[in-house]
Amino acid sequence: MTKRYSKVTALDDLTLEVPEGVCGLVGANGAGKSTLIKLMLGLLRPTEGSAHVLGLDIRTEGERIRQRVGYMPEHDCLPADVSASEFVMHMALMSGLPTGAARERTADTLRHVGLYEERYRAIGGYSTGMKQRVKLAQALVHDPQLVFLDEPTNGLDPVGRDEMLDLIHRIYTKFGISVLVTSHLLGELERTSDHIIVIDGGRLMKSQSTGDLTTATQTLIVEVMDPSGKISEASAAAAMHLETSGVHARRVGDLLYVPADDETTYDMIRDAIATSGLGLVRLQRDRHRIAELFDGTTASPADGRSENVNA
(Lines give C-alpha, C1' and ligand atoms only; values in the text may rest on other atoms or scores of the structure.)
Protein backbone atom coordinates (compact mmCIF):
# COMPACT_ATOMS: atom_id res chain seq x y z
CA MET A 1 0.00 0.00 0.00
CA THR A 2 1.22 3.51 -0.87
CA LYS A 3 -0.07 6.86 0.38
CA ARG A 4 1.14 10.17 -1.03
CA TYR A 5 0.31 13.71 0.05
CA SER A 6 1.19 15.94 -2.91
CA LYS A 7 4.97 15.45 -3.17
CA VAL A 8 5.33 13.68 0.19
CA THR A 9 5.16 9.87 0.33
CA ALA A 10 3.86 8.86 3.76
CA LEU A 11 3.73 5.12 3.03
CA ASP A 12 5.90 3.63 0.33
CA ASP A 13 4.81 0.22 -0.99
CA LEU A 14 4.17 -1.01 2.56
CA THR A 15 3.18 -4.66 2.89
CA LEU A 16 2.56 -6.15 6.33
CA GLU A 17 0.30 -8.36 8.40
CA VAL A 18 -0.74 -7.43 11.94
CA PRO A 19 -1.18 -10.55 14.11
CA GLU A 20 -3.65 -11.03 16.94
CA GLY A 21 -2.54 -10.03 20.43
CA VAL A 22 -0.76 -6.83 21.43
CA CYS A 23 1.26 -5.47 18.52
CA GLY A 24 3.60 -2.48 18.84
CA LEU A 25 4.01 -0.08 15.93
CA VAL A 26 7.38 1.67 16.06
CA GLY A 27 8.74 4.54 14.01
CA ALA A 28 10.23 8.00 14.40
CA ASN A 29 8.13 11.12 13.80
CA GLY A 30 7.07 11.17 10.15
CA ALA A 31 7.55 7.42 9.69
CA GLY A 32 3.90 6.98 8.68
CA LYS A 33 2.37 5.51 11.85
CA SER A 34 -0.62 7.85 12.12
CA THR A 35 -1.24 7.68 8.37
CA LEU A 36 -1.32 3.89 8.57
CA ILE A 37 -3.88 3.96 11.39
CA LYS A 38 -6.14 6.43 9.54
CA LEU A 39 -5.95 4.26 6.42
CA MET A 40 -6.91 1.17 8.41
CA LEU A 41 -9.87 3.02 9.91
CA GLY A 42 -11.08 3.91 6.43
CA LEU A 43 -10.61 7.63 7.10
CA LEU A 44 -8.08 7.95 4.28
CA ARG A 45 -7.87 6.23 0.91
CA PRO A 46 -4.58 4.75 -0.27
CA THR A 47 -2.98 6.19 -3.37
CA GLU A 48 -2.14 2.67 -4.48
CA GLY A 49 -2.78 -0.80 -3.12
CA SER A 50 -5.36 -2.06 -0.65
CA ALA A 51 -5.78 -3.38 2.88
CA HIS A 52 -8.26 -5.37 4.94
CA VAL A 53 -9.05 -4.97 8.63
CA LEU A 54 -10.87 -7.90 10.25
CA GLY A 55 -11.59 -9.08 6.71
CA LEU A 56 -13.15 -5.75 5.67
CA ASP A 57 -11.90 -3.64 2.76
CA ILE A 58 -10.68 -0.21 3.87
CA ARG A 59 -11.74 1.34 0.55
CA THR A 60 -15.40 0.30 0.66
CA GLU A 61 -16.22 -0.81 4.23
CA GLY A 62 -14.79 1.96 6.41
CA GLU A 63 -18.00 2.42 8.40
CA ARG A 64 -18.21 -1.30 9.23
CA ILE A 65 -14.55 -1.27 10.26
CA ARG A 66 -15.14 1.63 12.67
CA GLN A 67 -18.07 -0.25 14.23
CA ARG A 68 -15.75 -3.13 15.11
CA VAL A 69 -12.58 -1.19 15.91
CA GLY A 70 -11.82 1.23 18.75
CA TYR A 71 -9.51 4.21 18.30
CA MET A 72 -7.66 6.22 20.95
CA PRO A 73 -6.14 9.29 19.23
CA GLU A 74 -2.89 10.85 20.31
CA HIS A 75 -4.11 14.45 20.51
CA ASP A 76 -6.35 15.89 23.22
CA CYS A 77 -9.86 15.87 21.72
CA LEU A 78 -12.11 15.72 24.79
CA PRO A 79 -14.91 18.22 25.53
CA ALA A 80 -14.12 20.03 28.77
CA ASP A 81 -17.68 20.83 29.84
CA VAL A 82 -19.17 17.30 29.98
CA SER A 83 -18.54 14.42 32.35
CA ALA A 84 -16.67 11.24 31.47
CA SER A 85 -19.93 9.32 31.85
CA GLU A 86 -21.76 11.56 29.39
CA PHE A 87 -18.99 11.52 26.83
CA VAL A 88 -18.32 7.78 26.90
CA MET A 89 -22.04 7.00 26.74
CA HIS A 90 -22.39 9.35 23.77
CA MET A 91 -19.60 7.47 21.99
CA ALA A 92 -21.31 4.17 22.80
CA LEU A 93 -24.56 5.43 21.26
CA MET A 94 -22.65 6.70 18.22
CA SER A 95 -21.28 3.18 17.79
CA GLY A 96 -24.81 1.80 17.52
CA LEU A 97 -25.47 0.47 21.02
CA PRO A 98 -29.05 0.86 22.32
CA THR A 99 -29.50 3.23 25.27
CA GLY A 100 -29.71 0.58 28.00
CA ALA A 101 -26.68 -1.33 26.74
CA ALA A 102 -24.74 1.92 26.25
CA ARG A 103 -25.40 2.97 29.85
CA GLU A 104 -24.33 -0.42 31.20
CA ARG A 105 -21.23 -0.61 29.01
CA THR A 106 -20.24 2.94 30.00
CA ALA A 107 -20.32 2.11 33.71
CA ASP A 108 -18.38 -1.15 33.21
CA THR A 109 -15.74 0.46 31.00
CA LEU A 110 -15.15 3.44 33.29
CA ARG A 111 -14.78 1.01 36.18
CA HIS A 112 -12.24 -0.98 34.19
CA VAL A 113 -10.07 2.09 33.46
CA GLY A 114 -10.28 3.32 37.06
CA LEU A 115 -12.61 6.30 36.62
CA TYR A 116 -15.81 4.96 38.13
CA GLU A 117 -15.68 7.19 41.22
CA GLU A 118 -14.89 10.27 39.12
CA ARG A 119 -17.28 9.55 36.25
CA TYR A 120 -19.66 12.48 36.92
CA ARG A 121 -16.96 15.18 37.11
CA ALA A 122 -16.43 17.50 34.14
CA ILE A 123 -13.52 16.34 32.00
CA GLY A 124 -12.02 19.84 32.04
CA GLY A 125 -11.03 19.29 35.68
CA TYR A 126 -9.28 16.00 35.00
CA SER A 127 -5.53 15.42 35.16
CA THR A 128 -3.65 14.30 32.05
CA GLY A 129 -3.71 10.72 33.26
CA MET A 130 -7.48 10.79 33.80
CA LYS A 131 -8.02 12.26 30.33
CA GLN A 132 -5.97 9.46 28.80
CA ARG A 133 -8.20 6.97 30.61
CA VAL A 134 -11.31 8.64 29.21
CA LYS A 135 -9.89 8.32 25.70
CA LEU A 136 -9.15 4.65 26.36
CA ALA A 137 -12.66 4.10 27.74
CA GLN A 138 -14.39 5.55 24.67
CA ALA A 139 -12.24 3.28 22.47
CA LEU A 140 -13.41 0.22 24.41
CA VAL A 141 -17.02 1.03 25.25
CA HIS A 142 -18.60 -0.61 22.19
CA ASP A 143 -16.72 -3.89 22.83
CA PRO A 144 -14.56 -3.84 19.69
CA GLN A 145 -12.55 -6.75 18.31
CA LEU A 146 -9.50 -4.54 17.82
CA VAL A 147 -8.28 -1.21 19.19
CA PHE A 148 -5.76 1.27 17.80
CA LEU A 149 -3.97 3.17 20.59
CA ASP A 150 -1.89 6.13 19.37
CA GLU A 151 0.73 7.15 21.97
CA PRO A 152 -1.46 6.20 24.98
CA THR A 153 1.16 7.14 27.60
CA ASN A 154 1.82 10.67 26.30
CA GLY A 155 2.19 13.18 29.13
CA LEU A 156 1.97 10.60 31.93
CA ASP A 157 4.28 10.41 34.93
CA PRO A 158 6.04 7.09 35.65
CA VAL A 159 3.25 5.80 37.91
CA GLY A 160 0.54 6.78 35.41
CA ARG A 161 2.56 5.21 32.60
CA ASP A 162 2.85 1.90 34.46
CA GLU A 163 -0.88 1.89 35.18
CA MET A 164 -1.72 2.59 31.53
CA LEU A 165 0.60 -0.20 30.36
CA ASP A 166 -1.10 -2.61 32.75
CA LEU A 167 -4.50 -1.58 31.33
CA ILE A 168 -3.27 -2.17 27.78
CA HIS A 169 -1.98 -5.62 28.72
CA ARG A 170 -5.35 -6.56 30.25
CA ILE A 171 -7.28 -5.46 27.15
CA TYR A 172 -6.07 -8.58 25.35
CA THR A 173 -5.36 -11.01 28.18
CA LYS A 174 -8.66 -10.40 30.01
CA PHE A 175 -11.07 -9.32 27.26
CA GLY A 176 -9.53 -10.89 24.15
CA ILE A 177 -9.41 -7.57 22.28
CA SER A 178 -6.37 -7.29 20.01
CA VAL A 179 -4.33 -4.09 20.29
CA LEU A 180 -2.19 -2.12 17.86
CA VAL A 181 -0.30 0.43 19.95
CA THR A 182 2.14 3.13 18.82
CA SER A 183 4.76 4.62 21.10
CA HIS A 184 8.06 6.45 20.75
CA LEU A 185 9.16 4.97 24.10
CA LEU A 186 10.61 1.69 22.93
CA GLY A 187 10.93 0.18 26.40
CA GLU A 188 7.15 0.37 26.75
CA LEU A 189 6.60 -1.69 23.62
CA GLU A 190 9.17 -4.26 24.72
CA ARG A 191 7.20 -4.63 27.95
CA THR A 192 3.67 -4.83 26.57
CA SER A 193 3.80 -6.14 23.00
CA ASP A 194 3.84 -9.70 21.70
CA HIS A 195 4.89 -8.54 18.23
CA ILE A 196 6.74 -5.47 16.95
CA ILE A 197 6.34 -3.76 13.57
CA VAL A 198 8.99 -1.16 12.72
CA ILE A 199 8.44 1.29 9.87
CA ASP A 200 10.89 3.91 8.70
CA GLY A 201 10.25 6.46 5.97
CA GLY A 202 6.97 4.76 5.14
CA ARG A 203 8.63 1.39 4.48
CA LEU A 204 8.56 -1.81 6.50
CA MET A 205 11.82 -2.20 8.39
CA LYS A 206 11.02 -5.18 10.62
CA SER A 207 8.05 -7.31 11.65
CA GLN A 208 8.92 -9.86 14.28
CA SER A 209 7.88 -11.28 17.63
CA THR A 210 9.13 -9.28 20.60
CA GLY A 211 10.91 -12.35 21.95
CA ASP A 212 12.92 -12.75 18.75
CA LEU A 213 13.78 -9.04 18.63
CA THR A 214 14.98 -8.93 22.23
CA THR A 215 17.00 -12.13 22.37
CA ALA A 216 19.72 -12.45 24.98
CA THR A 217 23.22 -11.21 24.14
CA GLN A 218 26.56 -12.70 25.15
CA THR A 219 26.99 -10.00 27.82
CA LEU A 220 26.21 -10.24 31.53
CA ILE A 221 24.89 -7.35 33.62
CA VAL A 222 26.32 -7.19 37.15
CA GLU A 223 24.96 -4.96 39.92
CA VAL A 224 26.47 -4.88 43.41
CA MET A 225 26.25 -2.91 46.64
CA ASP A 226 28.43 -2.56 49.72
CA PRO A 227 27.28 -3.45 53.28
CA SER A 228 26.03 0.10 53.85
CA GLY A 229 23.79 -0.06 50.77
CA LYS A 230 25.90 2.19 48.54
CA ILE A 231 26.00 1.19 44.88
CA SER A 232 28.28 3.63 43.04
CA GLU A 233 31.32 3.02 45.26
CA ALA A 234 30.63 -0.71 45.24
CA SER A 235 30.52 -0.76 41.45
CA ALA A 236 34.00 0.73 41.17
CA ALA A 237 35.38 -1.68 43.78
CA ALA A 238 33.75 -4.67 42.09
CA ALA A 239 35.26 -3.70 38.71
CA MET A 240 38.74 -3.74 40.30
CA HIS A 241 38.17 -7.14 41.94
CA LEU A 242 36.86 -8.64 38.70
CA GLU A 243 39.86 -7.35 36.72
CA THR A 244 42.19 -8.86 39.34
CA SER A 245 40.37 -12.18 38.89
CA GLY A 246 40.86 -12.06 35.13
CA VAL A 247 37.34 -10.90 34.27
CA HIS A 248 37.12 -7.77 32.13
CA ALA A 249 34.23 -5.53 33.26
CA ARG A 250 33.00 -2.41 31.48
CA ARG A 251 31.47 0.04 33.93
CA VAL A 252 28.48 2.10 32.75
CA GLY A 253 26.90 4.14 35.52
CA ASP A 254 26.32 1.83 38.47
CA LEU A 255 26.25 -1.34 36.35
CA LEU A 256 29.05 -3.60 35.13
CA TYR A 257 28.94 -5.30 31.72
CA VAL A 258 30.95 -8.50 31.42
CA PRO A 259 31.45 -10.62 28.24
CA ALA A 260 30.13 -14.13 28.91
CA ASP A 261 32.71 -16.39 27.27
CA ASP A 262 31.12 -19.52 28.74
CA GLU A 263 29.27 -20.74 31.83
CA THR A 264 32.41 -20.46 33.97
CA THR A 265 32.13 -16.67 33.74
CA TYR A 266 29.18 -16.83 36.16
CA ASP A 267 31.29 -18.69 38.71
CA MET A 268 34.21 -16.29 38.33
CA ILE A 269 31.93 -13.28 38.91
CA ARG A 270 30.30 -14.91 41.92
CA ASP A 271 33.63 -15.82 43.52
CA ALA A 272 35.17 -12.40 42.86
CA ILE A 273 32.21 -10.55 44.38
CA ALA A 274 32.09 -12.89 47.37
CA THR A 275 35.76 -12.39 48.23
CA SER A 276 35.41 -8.62 47.86
CA GLY A 277 32.87 -8.45 50.68
CA LEU A 278 30.26 -6.84 48.42
CA GLY A 279 26.68 -7.94 47.90
CA LEU A 280 25.55 -9.26 44.51
CA VAL A 281 22.25 -7.55 43.63
CA ARG A 282 21.85 -8.71 40.05
CA LEU A 283 23.55 -11.07 37.61
CA GLN A 284 21.71 -11.56 34.32
CA ARG A 285 22.18 -11.64 30.57
CA ASP A 286 21.77 -8.38 28.73
CA ARG A 287 19.20 -8.38 25.94
CA HIS A 288 18.97 -6.74 22.55
CA ARG A 289 16.66 -3.71 22.39
CA ILE A 290 14.40 -2.36 19.69
CA ALA A 291 16.37 0.89 19.62
CA GLU A 292 19.30 -0.95 18.06
CA LEU A 293 17.29 -1.12 14.82
CA PHE A 294 17.51 2.65 14.38
CA ASP A 295 20.65 4.24 13.02
CA GLY A 296 22.17 6.59 15.55
CA THR A 297 19.90 5.34 18.34
CA THR A 298 21.18 3.03 21.00
CA ALA A 299 19.82 1.46 24.11
CA SER A 300 20.86 3.10 27.35
CA PRO A 301 22.87 0.48 29.27
CA ALA A 302 22.88 2.64 32.38
CA ASP A 303 19.26 1.96 33.23
CA GLY A 304 18.28 -0.90 30.96
CA ARG A 305 15.81 1.21 29.03
CA SER A 306 15.72 2.16 25.36
CA GLU A 307 16.10 5.77 24.34
CA ASN A 308 13.42 7.81 22.70
CA VAL A 309 13.45 7.47 18.91
CA ASN A 310 12.27 11.06 18.47
CA ALA A 311 14.99 13.53 17.60
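Predicted model: local features only at pLDDT ≥ 70, side-chain atom pairs only at ≥ 80, totals over all residues.

Me: What does Glu163 pair with?
Reply: Side chains of opposite charge can pair when their charged atoms come close. Here Glu163 forms a salt bridge with Arg133, with 2.6 Å between the closest N and O atoms. Arg133 sits in helix 5 and Glu163 in helix 6, 30 residues apart, so the pair links distant parts of the chain. Arg133 is buried, at 16% relative accessible area.

Me: How many salt bridges does the structure hold?
Reply: The structure holds 13. One of them joins Glu223 and Arg282, at 3.3 Å between the closest N and O atoms. Glu223 is in strand 11 and Arg282 in strand 14, so this pair ties together parts 59 residues apart in sequence. Glu223 is buried at 17%, while Arg282 is partly exposed at 26%. There is also a network of salt bridges linking Asp162, Asp166 and Arg191.

Me: Now the core. Which residues touch the most other members?
Reply: In soluble globular proteins, nonpolar side chains tend to be buried together. The largest nonpolar core here has 38 residues, and Val134, Leu136, Leu149, Ile171 and Val179 touch the most other members. Helix 5 gives the most to this core, with six residues.

Me: What is Ile171 in contact with, beyond four places in sequence?
Reply: Its contacts include Leu136, Leu140, Val147 and Val179. A second, separate core has 22 residues, among them Cys23 and Ile199.

Key. Residues numbered from 1 in each chain as written. Heavy atoms only, no water. Core = buried A, V, L, I, M, F, W, Y, C linked by side-chain atoms within 4.5 Å. Buried < 20%, exposed > 50% of the residue type's maximum accessible area, 1.4 Å probe, protein only. Helix = DSSP H or I, 4+ residues; strand = E, 2+ residues; numbered from the N terminus. Contact = heavy atoms within 4.5 Å. Salt bridge = Lys/Arg side-chain N within 4 Å of Asp/Glu carboxyl O.
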